[in-house]
Amino acid sequence: MDKGLRLEEVTISKGSDRLLSVNEVIAPGEVLSVMGPSGAGKSTLLAFLTGTLPRGFRATGRVILDGHDITAAPPHKRRMGLLFQDALLFQHMSVGQNLAFGLATGTPDRRARVTEALSEVDLSGYEDRDPATLSGGQRARVALMRMLLSDPCALLLDEPFSGLDADLRAQVRRMVFSRAMARDLPVLLVTHDAEDARAAEGRILRIG
Amino acid sequence: MRDVARRAEERADPWRLRPLPLLTLAAMLGPVAAGLWWTLAPATGLDEGRLSAGAFRAVADWPGIAEATRLSLATGLMATLGALGITTLILAGWSGTRAFAALERLLSPLLALPHAAAAFGIAFLIAPSGWIARALSPWLTGWERPPDLLIVQDPWGLALTAGLVAKEVPFLLLMSLAALPQTRAPERQRVAQALGYGRVTGFLKTTFPGLYAQIRLPVYVTLAYSMSTVDVAVILGPNTPPTLSVQIVRWMSDPDIAMRDLAAAAALWQFALVAGAIALWRLAEIATAALGRRWIATGSRGAADPALRAAGYLTGLASAAAVIAGLLGLALWSVAARWSFPEALPEALTARSWMRHGPGALDSFAVTALIAAIATLAALVLTVGSLEAETRHGLRPSRALWLLYLPLLIPQTAFLPGVQIGLLSVGLDTGLGPVIATHIVFVLPYVFLSLAGPWRAFDPRTLTVAATLGAGPDRTLWRIRLPMLIPALLTAAAVGTAVSVGQYLPTLLAGGGRVATLTTEAVALASGGDRRAIGVWSLTQTLVAFLPFALALAVPAVLFRNRRGMAHG
């Protein structure tokens with residue numbers, strides 16, 4: 001079995017402008033940091049990987065995840081976990097419902113899994129809380145666990161630490177990377193912040 | 001080179017929603033097209049296989065045609081100009097102030113108020129025996145009996161114009177408020193004021209041109225509506241002759257079936273008049289723009305600003321106050337015992353009118369609610385389906401916008417007679433089904449315009465997060481997008497219900513006069529002059545239009561009482 005995330009000669013262009021070309025393999029447990037100025041196409045690369053590339057962009061090449069070609073798979077079948085700068089918790093659901101949303105249907109012991117996930121990030125008993133009443137760090141932790149409960153095979157991070165202040169930032173960053181390592185996930189981090197890329201302790205790819 | 005990622009999303013849903021935008025257009029434009037055809041056919045003799053100008057000649061020979069035409073043009077143009085002028089002055093002088101915020105809160109209820117109820121209220125206010133005359137009599141006027149003056153239904157159509165202005169200002173204001181953020185009005189206003197321009201002059205010179213481009217279609221809708229309204233004209237407009245649209249409806253309800261051809265020919269004339277008026281308005285826009293550029297170039301800073309500001313507020317306040325006082329008048333008459341001129345208040349209050357007319361109003365309420373519920377539900381399903389298809393297939397939204405306005409730009413009197421003629425010609429009957437279908441034509445554009453903004457403003461990242469969590473397009477729609485848009489969906493439903501409740505002509509013509517809603521029954525009371533009955537019916541009609549707005553506020557507040565993040569949704 002060929003584990004990891006493989007980007008085979010991926011090229012994305014808009015009209016006749018070529019935005020970026022990537023040819024990389026990210027091994028399980030490895031972090032690849034993609035850096036570049038804004039407008040270099042970092043978010044476009046993530047949109048391509050999640051299958052949500054907006055109309056007007058063209059992409060060639062293949063994306064192989066754990067040996068499966070997912071280039072043409074619809075977004076919800078790709079098993080790519082995604083974290084944005086904002087936690088983007090579903091505002092109409094409780095914290096517990098947010099976490100359960102990521103669990104596959106038919107998962108046994110859904111409540112127990114949610115409880116367990118909350119205690120893993122020191123949020124025991126938060127099931128019925130309104131997400132709007134959480135602090136920034138708490139929200140980031142819920143978003144992380146929601147993503148992990150969906151059992152992804154790779155992790156995509158879109159500037160996920162930019163919104164946090166310095167103390168919290170290092171703490172959340174450590175937590176995200178350690179969870180990814182513990183589950184042996186390949187991680188692609190998109191950032192414009194050199195410190196985030198250094199802290200990832202992986203290869204750095206510059207685009208744009 | 002193969003484009004590997006082309007809409008990977010699309011593969012999740014290859015075809016199911018694709019037809020919905022087209023279906024929506026068909027539901028909206030189908031009845032309009034069919035109605036226009038069945039207006040054209042009998043008017044020109046095409047339905048009998050030979051062209052004939054007989055019907056047109058008969059219309060031209062009708063003694064009232066010149067006057068009816070003049071009335072239609074004059075009231076339509078004056079009402080639109082008045083409503084646009086007041087709207088502009090209010091925005092120019094007051095947007096961003098606390099006084100404006102107070103006015104803003106009145107907008108939705110004023111807009112929801114059915115035209116017929118507003119017109120009755122204004123009639124009760126300004127009639128010779130109305131509230132204003134009572135308040136001034138006899139101490140100022142010396143009147144012991146109502147004066148013999150033709151104030152309501154005056155031959156110049158002034159009362160009609162005033163009624164239309166009062167009802168169209170909230171519409172244009174709401175449309176302008178939706179468009180203002182795109183014009184970056186506050187920034188422009190700050191720059192203009194820093195350069196020494198007054199509030200009003202600065203607004204007119206820097207913001208108005210961009211704003212007007214955004215609200216051009218709603219202005220044309222106002223013009224088309226004001227020229228061809230039937231219910232408001234029956235209540236406030238002159239009688240001999242009436243406006244062209246009222247005369248068309250009279251011919252349609254004539255027992256002599258030959259009069260239908262006459263009605264059809266007059267409907268085409270009404271259509272031509274509206275088209276001509278819009279063309280004329282367009283020319284006036286160009287001329288105004290040319291004059292405006294010269295005015296801007298003069299660099300005048302606006303000495304008349306304080307007066308213009310005051311004028312904007314007073315006219316805006318007067319039109320809102322007229323409608324509100326009118327409503328109060330309706331309510332009071334519905335519970336009035338003896339109330340003789342010139343007493344300002346009735347001698348006593350009684351539930352007698354409600355006891356007498358309540359049961360009948362309740363029957364009509366059931367019919368009204370049924371029609372509104374089905375039409376609004378259909379419009380919501382089509383709108384959500386079209387918007388979701390737009391999301392899933394990455395369709396571009398902007399091109400079809402003017403199509404949304406098309407059913408509102410074509411005068412109702414131009415194609416609804418054709419709907420009735422067509423139904424009868426092909427052997428179908430008029431009735432509840434056709435009434436609902438024609439209501440959808442008018443409910444759909446408003447539901448779509450109301451929902452499209454919040455729908456398209458929805459953060460696409462939330463949808464991407466749901467997808468990466470393994471939720472397919474259907475689950476994302478039902479579990480994430482629709483629940484989060486509940487406040488917007490309920491508001492759209494309230495707007496749709498209010499539009500349906502207020503419809504007079506579609507109910508009358510597509511229903512063949514046999515479908516009795518609160519609106520048709522209330523308007524039918526206009527000629528009788530029984531103020532207590534009119535009060536009961538108009539008030540019931542108003543409550544039915546308001547109730548959904550109250551629900552649209554209350555339901556999300558209860559549903560999301562523990563979800564602070566939904567408070568602004």
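In this predicted model, V495(B) sits in helix α20 of chain B, a helix that runs over residues 486-502. Once the neighbours within four places in sequence are set aside, V495(B) is in contact with Y446(B), S450(B) and F549(B). The pair V495(B) and V443(B) shows how folding brings parts of a chain together: they are 52 residues apart in sequence, yet their C-alpha atoms are 8.1 Å apart in space.

V555(B) belongs to helix α23, which covers residues 531-559. Between V555(B) and I486(B) there are 69 residues in sequence and 9.1 Å in space, C-alpha to C-alpha. V555(B) counts as partly exposed because its relative accessibility is 33%, a value that falls between the limits of 20% for buried and 50% for exposed.

Loops deserve a look as well. T183(B) is placed in the loop that joins α7 (158-179) to α8 (185-194) in chain B. Is T183(B) buried or exposed? Its relative accessibility is 5%, so T183(B) counts as buried. With residues up to four places away in sequence left out, T183(B) touches R188(B), T207(B), G210(B) and L211(B).

Another loop of chain B, between α1 (20-44) and α2 (54-61), holds L46(B). L46(B) has a relative accessibility of 39% and therefore counts as partly exposed. L46(B) also takes part in a nonpolar patch on the surface, together with W37(B), L40(B) and L51(B). The accessible area of these four residues together is about 400 Å².

In an unreviewed entry, UniProt lists residues 65-281 and 365-555 of chain B under "domain: ABC transmembrane type-1". The span 65-281 of chain B is 75% helix and 0% strand, and its end C-alpha atoms lie 23 Å apart. For chain A, UniProt gives residues 5-207 as "domain: ABC transporter", again from an unreviewed entry. In the model, residues 5-207 of chain A are 33% helix and 27% strand, with 19 Å between the end C-alpha atoms.

Next comes the meeting of the two chains. The size of an interface is often expressed as the accessible area that is lost when the parts come together. Here, chain B and chain A bury about 3400 Å² between them, and carbon and sulfur atoms give 60% of that area. On the chain B side, R461(B), L469(B) and R563(B) lose the most area to chain A, together 19% of what that side buries. The contact draws on 38 residues of chain B and 39 residues of chain A. Between chain B and chain A the count is 1 salt bridge. Which residues form a salt bridge here? The partners are D86(A) and R461(B), whose closest N and O atoms are 2.8 Å apart.

Across all chains, the whole structure contains 24 salt bridges. One of the pairs within chain A is R179(A) with E120(A), where the closest N and O atoms are 2.6 Å apart. This pair links distant parts of the chain, as R179(A) lies in helix α5 (residues 166-182) and E120(A) in helix α3 (residues 110-120), 59 residues apart. R179(A) counts as buried because its relative accessibility is 16%, whereas E120(A), at 34%, counts as partly exposed.

Helix α5 of chain A supplies a further example. The side chains of R173(A) and D196(A) meet in a salt bridge, with 2.4 Å from N to O. R173(A) is in helix α5 and D196(A) in helix α6 (residues 194-200), 23 residues apart. Both R173(A) and D196(A) are buried. These two residues also belong to a network of salt bridges that links them with R169(A), D193(A) and E195(A).

Chain B has such a link too. There, the side chains of R216(B) and E285(B) meet in a salt bridge at 3.0 Å, N to O. R216(B) lies in helix α9 (residues 199-228) and E285(B) in helix α12 (residues 259-298), so the pair ties together parts that are 69 residues apart in sequence. E285(B) counts as buried because its relative accessibility is 10%, while R216(B) is partly exposed, with a relative accessible area of 27%.

Conventions. Residues are numbered from 1 along each chain as its sequence is written. Chains are lettered from A and ligands numbered from 1 in the order in which they are written. This is a predicted model: local features need pLDDT of at least 70, side-chain atom pairs count only at pLDDT 80 or more; totals for chains, interfaces and linings use all residues. Side-chain values use heavy atoms; hydrogens and water are left out. UniProt positions are given in the numbering used here, feature names are shortened, and annotations may be inferred rather than shown by experiment. Helices (H or I, at least four residues) and strands (E, at least two) are DSSP runs, numbered from the N terminus. Patches are made of residues with over 30% relative accessible area and no salt bridge: like charges are joined within 9 Å, nonpolar side chains (Val, Leu, Ile, Met, Phe, Trp, Tyr) within 5 Å. Accessible areas come from the Shrake-Rupley method with a 1.4 Å probe; for residues, only the protein chains shown count as cover. Buried means under 20% relative accessible area, exposed over 50%, partly exposed in between (1.4 Å probe, protein chains only). Contact means heavy atoms within 4.5 Å. Buried area is the accessible area (1.4 Å probe) that two parts lose on being put together, summed over both.
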